[in-house]
Protein chains: 2
Amino acid sequence: MPSPFDSRAFRRALGNFATGVTVITAADADGHKVGVTANSFNSVSLDPPLILWSIDKRSSSHAVFERAGHFAVNVLAADQIDLSNTFARPSDDRFAGIEHCLGEGGAPLLADCAARFRCETFQQLDGGDHWILIGKVLAFDDLGRAPLLYHQGGYCMVLAHTRMAPSQGGSYLQGRLQHNLYYLMTQALRSYQAGYQPQQLATGLRTSEARLLMVLEHDAGLALPELLREVAMPEREVAEAIDSLSRKGLVADDNGRVCLTEAGREQTEGLWGIAQARQEAVFGGFSVEQMEAFKAVLRAIPFKVG
Amino acid sequence: MPSPFDSRAFRRALGNFATGVTVITAADADGHKVGVTANSFNSVSLDPPLILWSIDKRSSSHAVFERAGHFAVNVLAADQIDLSNTFARPSDDRFAGIEHCLGEGGAPLLADCAARFRCETFQQLDGGDHWILIGKVLAFDDLGRAPLLYHQGGYCMVLAHTRMAPSQGGSYLQGRLQHNLYYLMTQALRSYQAGYQPQQLATGLRTSEARLLMVLEHDAGLALPELLREVAMPEREVAEAIDSLSRKGLVADDNGRVCLTEAGREQTEGLWGIAQARQEAVFGGFSVEQMEAFKAVLRAIPFKVG
């Protein structure tokens with residue numbers, strides 16, 4: 001028999017399966033609204049139209065979901081990290097200041113999502129430490145916005161998988177693509193990522209841990225609220241990454257600020273070194289002037305969230 | 001009561017929830033192996049360690065999964081589109097020529113995935129036109145490779161959600177990031193995507209349909225095998241997009257080749273026009289020479305899949 005394993009490592013392994021992020025909402029008979037961030041959503045059946053998700057048995061919101069005849073699934077768009085964090089965090093009124101209307105059974109429908117599914121509660125099944133909730137979809141909104149993703153403990157976005165290889169050069173399409181900046185930048189990023197990630201993993205750090213180290217200021221450290229603002233990760237993942245980095249002796253608490261230790265500074269320099277080496281491998285053939293001109297164009301692109 | 005809705009539109013709306021892609025495998029007592037591509041995988045419980053996925057009740061592989069005491073979940077990496085397509089397509093032996101070893105119960109474990117979960121069959125539940133299969137995880141491999149994604153009918157990759165805004169300029173990190181090409185390109189792509197996608201959606205085309213139109217050669221059209229090779233989409237989605245574009249009169253069959261109609265050519269020009277306008281909005285402030293130098297750098301980056 002295989003030996004039992006530690007559930008932290010299991011959760012990390014599960015993080016390799018990327019998912020969208022949803023906020024699932026309901027209301028009780030008094031109109032008291034609940035909402036929880038969940039990435040366990042998935043489709044089950046087209047006919048009848050069924051979807052499922054699962055909720056921690058310890059969740060204080062579960063009682064409302066169990067009794068409610070309806071719930072709504074809000075699939076978050078790429079610029080809705082704050083919503084994801086709000087509904088993942090304990091709060092008396094998570095809906096305060098959040099634009100929404102009410103769907104079937106008073107379940108809140110959030111504005112500006114990628115899609116929304118309005119469901120009738122269909123079945124609740126036992127799933128170990130979670131309840132599996134199956135909903136029958138009554139209506140939906142297909143808003144098509146770019147989605148927020150969750151992968152290896154951090155928030156991400158989708159990057160189109162343009163498969164076309166330059167070997168087909170000479171075609172009309174290839175000619176067009178050679179002048180399409182979106183295509184060219186996508187290809188460049190893919191090439192860059194392909195070489196970077198394995199080297200980062202070889203350090204033994206998770207992506208979320210590496211991200212956190214690289215965000216921490218070299219000297220001053222960051223208080224938790226600053227850290228949460230700077231790093232695109234859910235609070236729970238930030239807490240877990242800090243925990244893990246502390247155990248490894250890479251960060252330490254300094255009066256409520258998370259600081260790099262000496263070992264942490266070295267490790268972080270190592271990560272920047274990997275990034276630098278990758279950059280040189282990909283762009284090393286160009287002159288300093290060419291690269292400065294290249295960066296100048298990139299830096300001048302208007303920054304826009306989402 | 002809300003009115004019933006068409007299941008094609010429902011499936012499209014579900015496509016807004018991005019997921020990873022898995023190949024789930026098992027073997028019967030005679031060692032006959034089955035494997036199916038599924039994106040309905042998700043985690044359920046940490047303790048006990050449970051995961052679930054669902055399989056079409058019409059699937060010929062289901063009988064093996066139902067009787068097998070074990071199955072394996074192979075989470076595909078970004079460069080495994082071919083595996084995804086192979087296991088989504090009818091075939092006598094999907095494992096021919098595919099590197100794998102055997103896990104518990106003879107369930108095939110594929111090489112070079114992002115993660116693998118070796119499961120004991122725990123429970124099978126009725127889920128409308130699918131069976132929901134729950135597995136208890138006995139062991140797993142956390143290989144951490146960049147994952148393959150599925151979103152709105154097409155394959156994608158993850159793009160890190162670097163949230164840090166340039167308003168924090170002056171910090172040590174910001175100084176570093178201004179020279180980090182990965183960061184600069186990521187920001188540029190985000191800015192580009194944010195403006196492009198809403199305009200593409202305003203044409204009434206799904207992302208997969210727009211992608212297909214833009215891949216079709218201007219004049220000659222493409223036979224289905226060529227089309228499948230050029231476009232990063234599952235066969236089923238390609239078929240559905242062709243169907244939908246035919247109904248709209250944008251493509252037509254010409255002796256087994258999918259061709260743009262006159263209206264299709266116009267629509268496709270419209271899409272390239274949107275791309276061009278977006279490009280000008282983002283990069284319009286640069287001179288022709290600056291942009292040519294910029295493109296020259298991008299084009300020279302070694303192309304690498306995955």
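A salt bridge is a side-chain nitrogen of Lys or Arg within 4 Å of a carboxyl oxygen of Asp or Glu. In this predicted model, A:Arg89 forms such a bridge with A:Glu235, their closest N and O atoms being 2.8 Å apart.

Chain A is assigned two domains, domain 1 (17–151) and domain 2 (154–284). Their C-alpha centres are 30 Å apart, and each domain of chain A contributes eleven residues to the contact between them. About 1000 Å² is buried between domain 1 and domain 2 of chain A, with 57% of that area from carbon and sulfur atoms. On the side of domain 1, the residues that lose the most area to domain 2 are A:Leu149, A:Tyr150 and A:His151, which together account for 49% of what that side buries. Between these two domains of chain A there is one salt bridge, and six residue pairs are in polar contact.

The second topic is the contact between the chains. Here 130 residues of chain B touch 129 residues of chain A, and the two chains bury about 11800 Å² between them, 67% of it on carbon and sulfur atoms. Helix H5 (residues 181–201) of chain B supplies 15 residues, the largest share of the side of chain B that touches chain A. That side comprises 74 nonpolar, 34 polar and 22 charged residues. Zero salt bridges are counted between chain B and chain A, whereas 24 residue pairs are in polar contact.

Strand E12 (residues 154–160) of chain A pairs with strand E12 (residues 154–160) of chain B in the antiparallel sense, over five bridges. Within this pairing, A:Cys156 has B:Ala160 as its bridge partner.

How values were computed
Residues are numbered from 1 along each chain as its sequence is written. Chains are lettered from A and ligands numbered from 1 in the order in which they are written. This is a predicted model: local features need pLDDT of at least 70, side-chain atom pairs count only at pLDDT 80 or more; totals for chains, interfaces and linings use all residues. Side-chain values use heavy atoms; hydrogens and water are left out. Contact means heavy atoms within 4.5 Å. Buried area is the accessible area (1.4 Å probe) that two parts lose on being put together, summed over both. A polar contact is a pair of N or O atoms within 3.5 Å; within protein, one must be able to donate a hydrogen and the other to accept it, and residues adjacent in sequence count only if both atoms are side-chain atoms. Helices (H or I, at least four residues) and strands (E, at least two) are DSSP runs, numbered from the N terminus. Ala, Val, Leu, Ile, Met, Phe, Trp, Tyr, Cys and Pro count as nonpolar, Asp, Glu, Lys and Arg as charged, and the others, Gly among them, as polar. Two strands pair if DSSP finds at least two bridges between them. Domain bounds come from an automatic or database domain assignment.
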